[in-house]
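Subject: Structure handover

Dear colleague,

Please find below the structure that I promised to pass on to you, followed by some notes on what was found in it.

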Amino acid sequence: SIPLKSRETWKKFAVQKFDSKDSFENSFVRHVETTLARSLYNCDELAAYQATSETIRDNLITDWNKTQQKQTAKDQKRVYYFSLEFLMGRALDNALINTKTRDLVRDSVDDLGFNLEDLIQKEPDAALGNGGLGRLAACFVDSLSSGEYPAWGYGIRYQYGIFAQKIIDGYQVETPDYWLKFNNPWEIARNEIQIPIDFYGYVEHTKNDNGVKKSNWIGGERVIATAFDFPVPGYDTKNVNNLRLWSAQPTTEFDFAKFNSGDYQNSVQDQQRAETITAVLYPNDNFDSGKELRLKQQYFWVAASLHDIIRRFKKSKRPWSEFTDQVAIQLNDTHPTIAIVELQRILVDLEGLPWDQAWSIVTNTFGYTNHTVLPEALEKWPVELFQRLLPRHLEIIYDINLFFLQTVEKQFPKDRELLSRVSVIEESQPRQIRMAYLAIIGSHKVNGVAELHSELIKTTIFKDFVKIYGVSKFTNVTNGITPRRWLKQANPELAELIESKLGSDAYLKDLTLLKKLEEYADDSDFVKKWAQVKTNNKARLIGLIKRLTNIEIPNPEALFDIQVKRIHEYKRQQLNIFGVIHRYLQIKKASPEERKSFAPKVSIFGGKSAPGYYAAKLIIKLINSVAETINNDPDVGDLLKVVFIPDYNVSKAEIIAPASDLSEHISTAGTEASGTSNMKFVLNGGLIIGTVDGANVEITREIGEENIFLFGNLSENVEEIRYSHRYNGYQLPESLEEVISAIEANKFGDGNEFRQLVESIKYHGDHYLVGDDFESYLKAQELVDESFKDTKEWVKKSILSVANSGFFSSDRAINEYAEGIWNVESINT
Ligand code: GPK
């Protein structure tokens, strides 16, 4: 630290944040001329985006520094959110909104010869996530900062985010997302933070002087974790929290034997392999791929993060017994579960704590969030892989399991079935480690992400653990979304209209204030303005569609029916596209007079398939083939258009969500844990067609069932129906047979190509109940058509939905975690 006599000099030159047009412009020009080494003669839009961002960054870092100092001084309990995915999207517009400098910056860049909207478009998305789980983490860090919680996110700085999706001949083609091609102004490289992380090797067993057994892991391969910090500004506060993402580097300690062998080139290449650990995000959603490199990513990130947290804790010179007063760690899914074992290893092997004391610290530190009940998504790792990669961790897992099974045995003597069901080790070929069970055993709370889902985990996949631990270990925190990005930023016109009635932007911090909008649901002037905002947003989307697909949407008054999310059989985009085909066939059959009864409609799809998920890729191809036929059938004209928006991502979602009249959340009941795009669409005044699944249930409760179009079988009947399909056979409804016949008759390209898709429904059990829900889906769509014709009633439903969607703010979700799971308080309380 600086000697006292020099501090006055420092203070004199303390960095000033920009707070006026002049100071912004001054800083902008300085960044153009120094940071970017350009001038007014060669400052293009990209450079202007960068100079703008550098200027904002200066402000953020100033506040970030102060926040960290303040939090350190306050010395409260902190929360650490461990997530392998942070799907952040763009940072600039969000920073402008959260720091309330947007108008000032817009005017300033205008002075300087640029248009802010254009500059914002220059930023690549930070797409370090797959879908809902990753975007939830991004909304959560926004809410943690906005609520002024002392909180850090920990993740991986992938060099390649989720792949960019191209559509070629109707097929998905993946291309790499090298998002760091230009200097990234939103990160601070902490090259001084260098944490060694070991893999492989062996375990040494010795005894200390008192005869106590000691284990010591000698690693066989070392890489360095280096930190990149991403400042996360809260809304309308100076609080700026940290998102720390780790990047892998080679060590500079050399294996001289290797280098001395004379093969310099190969030895350097071996070193370089370290960087592959953080090179790429695994592109799977709701699916466990079980690759060795993935496990390496998990351990690398978790070990570096724990090392960082423990270093911070040790600086306070507290005894270990106070660790859980200072630290709460939330595990976003099972991906960071190895943290439970790593902390136990640190406490026992390195810090010399007795096993039981260490284990009590561990279990009181962690909370585990489950995001799915789909069996194919539950992580398992081969014992053999652990044995090689993390030999000491495997021993500790065995011990954790042994002690756990001993207590179960005491509680339920002689129930061998139970013991084998709940064992962390699955006695299969090969033997596997069940990460979810380890996460439950090592945490003090386990939560699901919507009420229905949290009930389901207690009665299905984790049933035995409820018996063992009691029900109180299991809880619910319904997901939420940040209204800053998903209302103010994505839908500025609607935000402005809302503000004109609520009198302020306070609803952005307390979203339940939207309730007041109910008063205006019948106010004809307000209704008119509300409808106009929707039309304007639809026009914006029409522009995007034209740019991306060259498809013309002639009629902005048509019903925009949207389903954007990862492509997955359980999410049932196939049900949607079959419904579209059905509609097409009905239109074709109708007389000119009858055709007048159809509401003109645009069916919009978007979403990525995992690269190796054949069935999902077929669904994409089918959607594009159907679009091709329908959009080019002059007989249909404006009555029906079908669009697949390529490369769905966060920045496109910001244009899509405000433009829906109707959005589809139609998963087989019991399969979608929560869904969060349902919340985004409702908050932007779109209505929902959906199944009784995930957060749809609570959305219905909040907004009223007259404002949502629900259909389909209930989750409690799904297993029975599947069973019946298997043993009694089943028959598809005629309406669906007709759709399938049209596909088979090559009306949408070569029908043969879609055989697998069709056969899984027709002959192989129809696991996702497309046939069982088809008629009820069509009925719900008929109701939609009916409702949409009555514009006034429709807009009223829209206003009432928004008015009652306050519950779905991620601020509310974070407050629930803070109180019910973390026991962490906001910095000002
Ligand atoms: C769940 F298991 C997973 C996964 O691997 N990826 C993912 O995005 C989603 N999720 C659920 O599918 C959604 O229902 C949920 O809203 C979201 O996680 C956030 O909880």
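From which domains does the shell around the ligand draw at least three residues each? The shell draws at least three residues from domain 1 (75-90 + 125-478 + 816-822) and at least three from domain 2 (483-808), where the domain bounds come from an automatic or database domain assignment.

Please keep in mind that this is a predicted model, in which local features need pLDDT of at least 70 and side-chain atom pairs count only at pLDDT 80 or more, while totals for chains, interfaces and linings use all residues. Residues are numbered from 1 along each chain as its sequence is written.

Of the 18 residues around the ligand, those that come nearest are G132, L133, H371, T372 and S674; a residue is near a molecule if its C-beta atom, placed from the backbone, lies within 6 Å of it. The shell comprises 5 nonpolar, 11 polar and 2 charged residues, where Ala, Val, Leu, Ile, Met, Phe, Trp, Tyr, Cys and Pro count as nonpolar, Asp, Glu, Lys and Arg as charged, and the others, Gly among them, as polar.

As for the two domains, the centres of domain 1 and domain 2, taken over C-alpha atoms, are separated by 35 Å. Their contact takes 39 residues from domain 1 and 35 residues from domain 2, with two residues in contact if their C-beta atoms, placed from the backbone, lie within 7 Å. On the side of domain 1 that touches domain 2, α7 gives the most, with 5 residues; helices such as this one are DSSP runs (H or I, at least four residues), numbered from the N terminus.

With best wishes

How values were computed: Helix = DSSP H or I, 4+ residues; strand = E, 2+ residues; numbered from the N terminus.
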